[in-house]
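Here's a quick briefing to read with the model open beside you. Have a look at the structure first, then work through the notes.

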Amino acid sequence: MRAAFDRDHEFTEFVTTRRAALVRVAAMLLANDRARAEDAVQTALTRLYVAWPRVRPDTVDAYARRCVVNAAIDDRRSLFRRRERLHAELPEIAVAENQYVDETTVVAVLARLAPRMRAAVVLRYIEGLSAVETAAVLGCSEGTVRSQSARGLDRLRAAFSEQSRNFV
Amino acid sequence: MRDITDVLGTLRDASASEPVDDGVVAADVARGHRALILRHRRRVVGSSVLAAAAAAVITASVVPSGGDSVPTMAIGQPGTQQTPQAWLAAYTGAQPAGFTVDAVPVGWRVVSSNSAEFLIVPPGTDTSSVVRPGAVRLASGIAVLLQGDHRLPSDSPVATVTVHGKAAQLGFTMDKAAQWLIFPDSTGHKVLVQVPTTLGLTTDQIVLFADGITVTSAAKPAMGG
């Protein structure tokens, strides 16, 4: 357990270097809504501050990301439970044959994935975490992360029209 | 045509780290402080009910001899193994004219409360030995007053802490008998919290206490300060 008197100094250092990345994660989880992302990050950092003496230095990043993911998922549940309809099959989005898949479209389609599937895709392919690191953030097994992120990618790819898909 | 994984990767690059404003970080720290205070208040409400019940049991089971006073259970003593936030309880007494006090150490007594100062002492303190700060140091308790002419010694190490989201200074007095925490409040006043070294309070405990203090428009400098 870390010394309590170091808390302010260490927490300030962490927030200064990692806050922007946490806001980015929250924004990707919340359809790029910066205001809600900021709310989620503030909630997450408050929880992190309270728990600070109990968090090991080598896991504080994963802990902070987990707080952000949970805060973002809680945000979606509380505000959009009635309005949001998750699609088992994402509706196809027609893309012209020569058009690139643009970021705005991807973010919009990403927002339609189930919360934890979206979190797996965001952490693995936007944040660049490994499956093991992602599992630590989400509090699940590595196998679950791999299947969730693979299915998430499949659904994202399937959302674009047949002629624009690039088979890897 | 790029694969979806390539596009996802560029989303990270597109939002490269932006510099964070110091005020934003300070606000995050301030929110953390408030969350700690709220949490300890909830715990104290629950623990004081248990403590009162336990004290009643102890009181009932001790048989005084020769008219000795019944021992009471001390709670909230500084320097114990309680977490920093557990030693404060919501202050429900009369507010001093010069300050607003959110929380005080559990079981402590108010010795002086006016527009110039707020003085509190631990349970069992002989208040005949308490003198006003500014002239002679308050040996036993915590004093809250406007900074006035008080300054931390220039040759003494000073730690920077955060109170109300702003930088504050924490250091020892010349004779090392007390620590002074000097912080700005939102109205531009500088507040001084004096804590005798003998109390053994941690930095976290002192900062948590100070976080619950604000200055009112009626505040005025203490005599000699």
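B:Thr162 touches A:Asp8, B:Val29, B:His33 and B:Val207, leaving aside residues up to four places away in sequence (contact means heavy atoms within 4.5 Å). This is a predicted model, where local features need pLDDT of at least 70, side-chain atom pairs count only at pLDDT 80 or more, and totals for chains, interfaces and linings use all residues. Residues are numbered from 1 along each chain as its sequence is written, chains are lettered from A in the order written, and side-chain values use heavy atoms, with hydrogens and water left out.

**B:Thr162**
- You'll find B:Thr162 in strand 7 (residues 158-163) of chain B; strands are DSSP runs of E, at least two residues, and helices runs of H or I, at least four, numbered from the N terminus.
- B:Thr162 counts as buried because its relative accessibility is 14% (buried is under 20% relative accessible area, exposed over 50%, partly exposed in between, with a 1.4 Å probe and protein chains only).

**Nonpolar cores**
- The largest nonpolar core has 92 residues, and A:Leu48 and B:Phe209 are among those with the most contacts inside it (a core is a set of buried Ala, Val, Leu, Ile, Met, Phe, Trp, Tyr and Cys residues joined through side-chain atoms within 4.5 Å).
- Helix 1 (residues 7-29) of chain A gives the most to this core, ten residues.
- Another core lies apart from it, with nine residues, including B:Leu119 and B:Ile182.

**A:Leu48**
- Not counting residues up to four places away in sequence, A:Leu48 touches A:Phe11, A:Phe14, A:Val55, A:Val60, A:Tyr63 and A:Ala64.
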